[in-house]
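Me: Here is a two-chain model that I would like to go through term by term. Please set each value against its definition.

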Amino acid sequence: MLDSVFFYFFAGVAILSAALMVTRSNAIHSGILLITTLLATAGIFLQLRADFLFIAQIILYAVGIMVLFLFALVRLRLHVSVGQIKFSRQKYVGSLVALALAFQVGILLWSSRQIPGDGLLIQGAAPAEKLPPNTQELSRILFSGYLLPFEVASVLLLVSMIGAVLMVRRRSASE
Amino acid sequence: MSDNSDSPMDAVPSPNLPPGSRVSTSPTTFLATAIILAAAALSLSAVAFGPSLQLVKNLNIGLLFVFGISFLGGLGLILGGWISKTPDTVLAALRSAAQFVSYQIIAGLSLLAGFLLAGTLNSRSIVEAQLHYSIWFIFLTPVAFLLYFAASIAATNREVFDHSGPEFLVPQTFYPPFYRRSLRYVADIANNFVIASVATALFLGGWLRPLPNVPWLGFLDAAPVLLFAILAALFLRRAGKQSKTQYKLRVRVSTFVCFSLALFFAAVGIAGHLAGIFFLTQLKSLQPDLYGAFWFLAKVVIYQMLFTLVRSALPRYRFAQSMRTAWSIFLPLALVNLFAVAVALALESEQGWNRWLALSLTTLPMLFLALYLLRWSDTRARGAAVASFLAETDPYAG
């Protein structure tokens, strides 16, 4: 009971602030609403007893990335220029992406209906109180079954980091 | 602004700053203040002050929760700066947020070295690991502790690293506005307390008394009783020398409080040895928590005193200097130290090396190598800067 109350509260906050985020014209307001969405998602992680994901979400997304993002927004005075952009610029691409996403969610919902039980994709999931410690379990999975995707993702991050440094250096050298 | 025309404020053009603008009662200011305070208060809930003196027990992510939630305060800083709308405050808030994030990354990396040693994130198990290895982690990774100490000074915008404002402004002008002025100090103190408790739990042995595994040092358990008894005696002596009855009363109340605290600690302490009497056996269960909380708070206080000492002993870094220190010296050192600790732990578990030997054998060469490389890149960068300067302003050009 309490679980579903928390879930619907956080889900409602997340959806509401996400919708507000894409409709605001002030970029700073959007940024703060995005933080709210990310924090509400962290709340859902906590409600699912995924404490490590919860704190990773807060440290990485809600603070680490968003503070830098807001930093850039405040610094660059983007709220002046972004406010002038009309919303209909990418109408067709946007609707295509939205349709594709709706299709995926539809497939997921349809396939979950095919499985008998209470609609979960995983059969016989353990109750939340009897789960093994979240952090240990996550690291065991990451470094055994999913080692290759994990390493590939970290190499991807490294490449993008080096790319960012290179771009900044080239720009400052040309100036 | 007519009444304080000779204040430093007038030295800089900041036209939009009305007098007394540091206290704002708008809802957004309230939100910014609330975020900073809530982050500090929430993160304290997972700190273990004693073996069972913890608000949120058995939290799997433990100290990471404390650290991560205190991270949220950075949002409040930016929000506060943004709503203030005056150029000085916006800039100051951006500086302080940028410094906060940079140094929190270094603090996080140095905490990771401690987490590796403990093998857990749970704040209770971390202290128990230090009891198990019978050594505080500060002695196993002193580099990580020093990095954390420096980073925490900078992250709380203490004065060795930039106090987040330009030099020519009085400190009052560059803080983001707060809902209540006093709340700023509350937030400051609460943040310091959180940072000191993380260091205490991870590096300084948490609630353990110094050298808990040495039996002949058991007399250290009498320290709280002695401390409060001495304090009570000092207050008693001062009480006669006060000029006003009001002060006298105040000092007498302090004497009474210290004396009763000493009595309470003594009663709880000897309760274990006097079994049989009814209420003393009840007190016995209090003993680990009470003495644990005493040692924990004592360590936090000592950490804070070190903060103040360092702050007043060293000159202040400019913003650019402190950011440069963070990204090009502290960050590489923290990464190298983390790697060294990981290698040492691998040597210990795979090759069966002695933990001390492995740690000192990996940490020392890596640190020397890192410092040498940093110095080398520094000289090279300086040489390049001099070369480009010479190329631009050729002294023999004409």
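Reply: Contact means heavy atoms within 4.5 Å. By that cut-off, 23 residues from chain A and 19 residues from chain B take part. This is a predicted model, in which local features need pLDDT of at least 70 and side-chain atom pairs count only at pLDDT 80 or more, while totals for chains, interfaces and linings use all residues. Residues are numbered from 1 along each chain as its sequence is written, chains are lettered from A and ligands numbered from 1 in the order in which they are written, and side-chain values use heavy atoms, with hydrogens and water left out.

Me: What makes up the area that chain A and chain B bury between them?

Reply: Buried area is the accessible area (1.4 Å probe) that two parts lose on being put together, summed over both. For chain A and chain B the value is about 1,900 Å², with 86% of it on carbon and sulfur atoms.

Me: How do you know how many salt bridges there are between chain A and chain B?

Reply: A salt bridge needs a side-chain nitrogen of Lys or Arg within 4 Å of a carboxyl oxygen of Asp or Glu. The count between chain A and chain B is zero.

Me: Which helix of chain A supplies the largest share of the side that touches chain B?

Reply: Helices here are DSSP runs (H or I, at least four residues), numbered from the N terminus. Helix 3 of chain A supplies the largest share, 13 residues. The residues on that side of chain A divide into 16 nonpolar, five polar and two charged, where Ala, Val, Leu, Ile, Met, Phe, Trp, Tyr, Cys and Pro count as nonpolar, Asp, Glu, Lys and Arg as charged, and the others, Gly among them, as polar.

Me: Why is a space called a pocket and not a cavity?

Reply: On a 1 Å grid over the protein atoms alone, a cavity is a set of points where a 1.4 Å probe fits but cannot get out, so the word pocket is kept for an open set with protein on both sides within 12 Å along at least five of seven lines. The largest pocket has a volume of about 2,400 Å³, a volume being the space filled by probe spheres set on the points, which are joined across faces, edges and corners.

Me: What lines the largest pocket?

Reply: Lining residues have an atom within 4 Å of a point. There are 42 of them in the largest pocket, and F52(A), A56(A), L60(A), L109(B) and L112(B) lie nearest its centre. Helix 3 of chain A gives the most, with eleven residues. The lining divides into 31 nonpolar, eleven polar and no charged residues.

Note on methods:
Helix = DSSP H or I, 4+ residues; strand = E, 2+ residues; numbered from the N terminus.
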